[in-house]
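Have the viewer open as you read.

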Amino acid sequence: MQTRIEAADQRFGWMLSAPGLMLLGAVIGFPIAWALFTSLFDYTLIMPSYDNFVGLDNYVTALGDKEFGHAAWVTLTFVAAIVVVEFSIGFLVALMLNSTERGRGIYYIILLCPLLMNPVVVGLIWRMLLHPTLGIVNYLLGLVGLGPVNWLGDPTNAFITVVLVDVWHQVSFMIVLLLAGLSALPREPYEAARVEGASTLQSFWHITLPLMRPVIVVTLLIRVIFAIKTYDIIYIMTRGGPGDATDLISYFIYRRAFVGLNLGEACALAGLLLAVIVAMTAYLHRVMRKV
Amino acid sequence: MRIKPATLLRHGILIAFSAAILLPLLWVLRVSLTDKLTAYKIPPEIGHLSFDNFIEVFTRFDFSLWFANSFGIALATTAISLPAATMMAYAAARYRTGGAPLLVTVLASQMLPPIVLVLPLFLLVTTMVPIGGRAAITLAHVAVNLPFMAWMMVSFFEGETKQLEEAARAEGATRWQAFRLITVPVAMPGILAAGLLGFILSWNEFLYALILSTSKSQTLSVGLASMETQAGVNIAPLAAATLLGLAPVLILLPFLQKYLIKGLSLGALK
């Protein structure tokens, strides 16, 4: 009897899931399978045909490609830079907000503004503000005797600029999540610590950080995965340049496919990127279940 | 009344941070409301208020077409994704349908870099299924929205309405009736929030729209990106256009505040 109800439950569950699963299969499963299939052929947009099966050659070429190595390195430094900066600023602001009553709602709504903004718009706005001769930022720097800075024209500057603009756009993500974690912390350990005479710094180090660890890990993991995908801001602000200073992996694959027209190799690169993201997501899921 | 130095420092940092966010946006607003000549002047001058830039956006650029495309695509994407995602999330939460493998698949789909999917989708519409730009972009956005919404909603359905459903079932309601008449109405605010966030995801999306659109199906993101090249550094109308593009999202923001944490943390935090 019990099993019959369970079987009916199962059937009902699958029936409810069916439309979603079919859609996912159609718009994600099938295209990915096709991309992996294409990665096994010498398929270019000049000669779009599946006549030339090359096995894993595209992967071998990709992995030996110096430009790919460079793009991977740029992506790694970019992700490390934005995550470190966003986490530091984010944690500081979250701590400040957590111990503030007055004006908290206003601060909060302000910091939410960039979060849902279109990355294209963010890129365009900052291009405008950072324009070397017409931009307001260089003018203001000039007033205090600095600059003018060529924000996007020089390789090192461009990399730093892109990092800073991304920080402006995304730092609130860290604040919102860390603040949610902070406000859910229990009060008792802090009171006990105060009775024992612990300083603010000590209770931060010995109570806040250990208790916040799971939230911090999940927040950082999600941010890292999203940061690896960064594309829009690069397209708008630098097109991977100057030279290849901001050639993040997504933009590099885009160039291989639609400028280099080598779709076979681009698909192989996409396959490699996919493997990295899936591995990180599986790890994220394991961590999330423990939060 | 004395203010403690620690409080002062705290507000100092928070005000500096808020200013860093607000001032650039206010400057864009200021540029959008001046006439063209003033917009270019360095050092800045206080010109007179003018709405010419907002008018120019509609007359010299295809802004209304971009806006309508983005709106239509986002609406269609949400209409397709939301019911499917709701049912899938409910099944996963209540009946454990698919178990952990399905959940990881959904999460991984959500994390999928657009560049991975855009290559085969481009091949698909150019070689096999020649559908129009708007339809192609909508399908691509379903690939973004469906996993996002489903993952966000799984936690809505865990526990909350279980007892109500069981009571309804004891009264003779079918599983479908319990879901349709009890669970969905109770969870409706959350479902709507998931829908709105999905709408915004589609509204803001760029890469799929860039690759899959034709000149007729350009979305707002693609249109705005093309404005700069079309018009040189024509910052005054560009400022107006970016603000118009932001408006719908900023208007929705207060309504979404409550659900934002769940959406952003992928359900890990409440």
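Predicted model: local features only at pLDDT ≥ 70, side-chain atom pairs only at ≥ 80, totals over all residues.

1. Helix H11 (residues 249–258) of chain A and helix H12 (residues 263–290) of chain A have axes that come within 8 Å and cross at roughly 160°. Angles over 145 degrees count as roughly antiparallel, so that is how H11(A) and H12(A) run relative to each other. The crossing of H11(A) past H12(A) is left-handed.

2. Which residues make that contact? From H11(A) come Ile249(A), Ile253(A), Arg256(A) and Ala257(A). H12(A) brings Leu263(A), Glu265(A), Ala266(A), Leu269(A), Ala270(A) and Leu273(A). Sorted by type, the residues of the contact of H11(A) with H12(A) are eight nonpolar and two charged, with no polar ones.

3. Now zoom out to the domains. Chain A splits into domain 1 (1–38) and domain 2 (39–290), and the centres of these two domains of chain A, taken over C-alpha atoms, are 33 Å apart. Where they touch, domain 1 of chain A puts in four residues and domain 2 of chain A nine. On the domain 1 side of chain A, that makes three nonpolar residues, one polar and no charged.

4. Last, look at how the chains meet. Chain A contributes 75 residues to the contact and chain B 73. On the side of chain A that touches chain B, helix H1 (residues 2–38) of chain A gives the most, with 18 residues. That side of chain A divides into 59 nonpolar, 13 polar and three charged residues.

Methods
Residues numbered from 1 in each chain as written. Chains lettered and ligands numbered in written order. Contact = placed C-beta atoms within 7 Å. Helix = DSSP H or I, 4+ residues; strand = E, 2+ residues; numbered from the N terminus. Nonpolar A, V, L, I, M, F, W, Y, C, P; charged D, E, K, R; others polar. Domains from an automatic or database assignment. Axes fitted to C-alpha atoms, helices over the stretch in contact; angles between N-to-C directions. Parallel < 35°, antiparallel > 145°, perpendicular 65-115°, else oblique. Left-handed = near helix turned anticlockwise from the far one by under 90°.
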